[in-house]
Amino acid sequence: MLQLKTAQRPRKRTARARIGLAVAGGGPIGGMYELGALRALDEAIEGLDLRALDVYVGVSSGAFIAAGLANRLDIAEMCRIFVTGDSDQATFRPETFLRPAFYEYLRRAAGVPRMLWRWAGDFARNPFDLRASDALLRIGSVLPTGLFDNSAVERFLLDLFTSHGRSDDFRELERKLYVVAVELDSGEAVRFGSEGYDHVPISRAVEASAALPGLYPPVEIDGRYYVDGALRRTLHASVALDAGADLVIGINPLVPFDAPRAHASGKRTSDSLLEGGLPAVLSQTFRTLLQSRVETGVSRYAERYRHADLALLEPNPDDVEMFFTNVFSYAHRKRLAEHAYQATRADLRLHRAEIDALLERHGLAVRGDALDDTRRTLASGLRQPKGRTSATANLDNALADLKKTLKKQKIA
């Protein structure tokens, strides 16, 4: 579902438009949706180079994508890495992201004797004053803070961002990148990549932004602990708007499911989400909370950023595929990415007139031939380039810079 929020007071253009990208979280399936949607935009919009935007903002799984694009990894390559597994630049193994956090288990287990000793002392002093709730709190203090070891996330990204001419240093990027995480002890959102936080390696910042409580332990950086950036806000598009973007493309992969709408459109689903038990109820609750924050933020942007346009991509509310697939599953990533790719293309065709008008203000246009080609699939456009090395990657980047410079001079 494509939402367009047009500027109330567009700037008078004296130079090229500044374009930003804000990518929200959503676990593995959220990342697959985002890759499919961005690949559709990449093919369908003339003049849009997703590797050469002015500002990138990533949260949780969206931080992987934003950091990759800011680091000259194009969407096709990221699809080869994370979706098809055909990349010659990196090997993605989902199981490495799901290894039990044994060190965290042992560290917490080491605190059990001390907890029992204190509990015994309290019982001896006040045998009739201990409550069941107190017991649960004590037991909770020795439970692991995460099920899985997220150190593999950092190692994978470190390898990816230190090869083929890329960098793991925010300060070395030519384009502004912000990775948002939440500081555990204050609850405040932190923008890694901003002044005072740009010394943190990009791989470490993404690990922190994707540390969903309960699944992954908080990540320590400079003596502080950080967790998933979506806990504070969902999209953080305001970060790109604050950086002066004239157009922000936002992607939010998780929306609440509308069962009556799905039934009305003839889609097969249960009569009530209650039939799905606790997982379905929790998923709907979580998605509703995230969506409400997105809607609140977007409504404020219209007033606060009157000069800027926002194009927000989300799944349709009756999207059965996106709701009934396990948020943390990698098993169906090819199908989900293809689904997002085709759904985004359908949205672009449906709203072509509005999109054309918005894009024109920013020097962009819809590629009608690409959008109208019904034979196109995500997989068909992911042929693996041959003979690539770090040297050829650097050359590609240099040629892209030259092309961009010549285009600027032409505009001037």
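This is a predicted model: local features need pLDDT of at least 70, side-chain atom pairs count only at pLDDT 80 or more; totals for chains, interfaces and linings use all residues.
A residue counts as buried here when its relative accessible area is under 20%.

Figure 1. The chain has 16 helices and 11 strands. If we look at contacts with a separation of 6 or more, 78% of them join residues 24 or more positions apart.

**Figure 2. Helices α1 and α2, crossing at roughly 40°**. Here we're looking at α1 (residues 27–44) against α2 (residues 61–70), with axes that come within 8 Å. On the α1 side, the residues that meet the partner helix are G27, G30, G31, E34, L35 and L38. On the α2 side, they are S61, G62, I65 and L69. Sorted by type, the contact has 4 nonpolar residues, 5 polar ones and 1 charged one.

**Figure 3. D54 in the loop between β3 and β4**. The loop runs between β3 (45–46) and β4 (55–59). Is D54 buried or exposed? D54 is buried, because its relative accessible area is 13%, and the cut-off for buried is under 20%. Its side chain reaches the backbone nitrogen of I19, at 2.9 Å. Setting aside neighbours within four places in sequence, D54 touches R16, A17, R18, I19, R175 and K176. One of these, R175, gets the next close-up.

**Figure 4. R175, a buried arginine in a loop**. R175 sits between α7 (151–161) and β5 (176–183). Its relative accessible area is 7%, so R175 counts as buried. What does the R175 side chain reach? It goes to the backbone oxygen of R51, at 3.5 Å. R175 is also among the contacts of D54 from the previous view.

**Figure 5. Helices α7 and α8, packed at an angle of about 145°**. The axes of α7 and α8 (residues 202–209) are 8 Å apart, and the crossing is right-handed. From α7, the contact takes in S151, V153, E154, L157, L158 and F161. From α8, I202, S203, R204, V206 and E207 join in. That gives a contact with 6 nonpolar, 2 polar and 3 charged residues.

**Figure 6. H164 and D222, two residues with positive phi**. Why give these a view of their own? Most residues other than glycine have a negative phi. H164 isn't a glycine, yet its phi is positive, about 55°. Where do they lie? H164 is in the loop between α7 and β5, while D222 is in the loop between β7 (219–221) and β8 (224–228). H164 is buried, because its relative accessibility is 12%. D222 has 60% relative accessibility, so it counts as exposed.

**Figure 7. D356 in helix α14**. This helix covers residues 352–360. With a relative accessible area of 32%, D356 is partly exposed. How many residues separate D356 from R367 in sequence? They are 11 residues apart along the chain, and C-alpha to C-alpha they lie 9.9 Å apart in space.

Technical notes. Residues are numbered from 1 along each chain as its sequence is written. Side-chain values use heavy atoms; hydrogens and water are left out. Helices (H or I, at least four residues) and strands (E, at least two) are DSSP runs, numbered from the N terminus. Contact means heavy atoms within 4.5 Å. Buried means under 20% relative accessible area, exposed over 50%, partly exposed in between (1.4 Å probe, protein chains only). A polar contact is a pair of N or O atoms within 3.5 Å; within protein, one must be able to donate a hydrogen and the other to accept it, and residues adjacent in sequence count only if both atoms are side-chain atoms. Axes are lines fitted to C-alpha atoms, for helices over the stretch in contact, and angles run from 0 to 180 degrees between N-to-C directions. A crossing is left-handed if the near helix is turned anticlockwise from the far one by less than a right angle, and right-handed if clockwise. Ala, Val, Leu, Ile, Met, Phe, Trp, Tyr, Cys and Pro count as nonpolar, Asp, Glu, Lys and Arg as charged, and the others, Gly among them, as polar.
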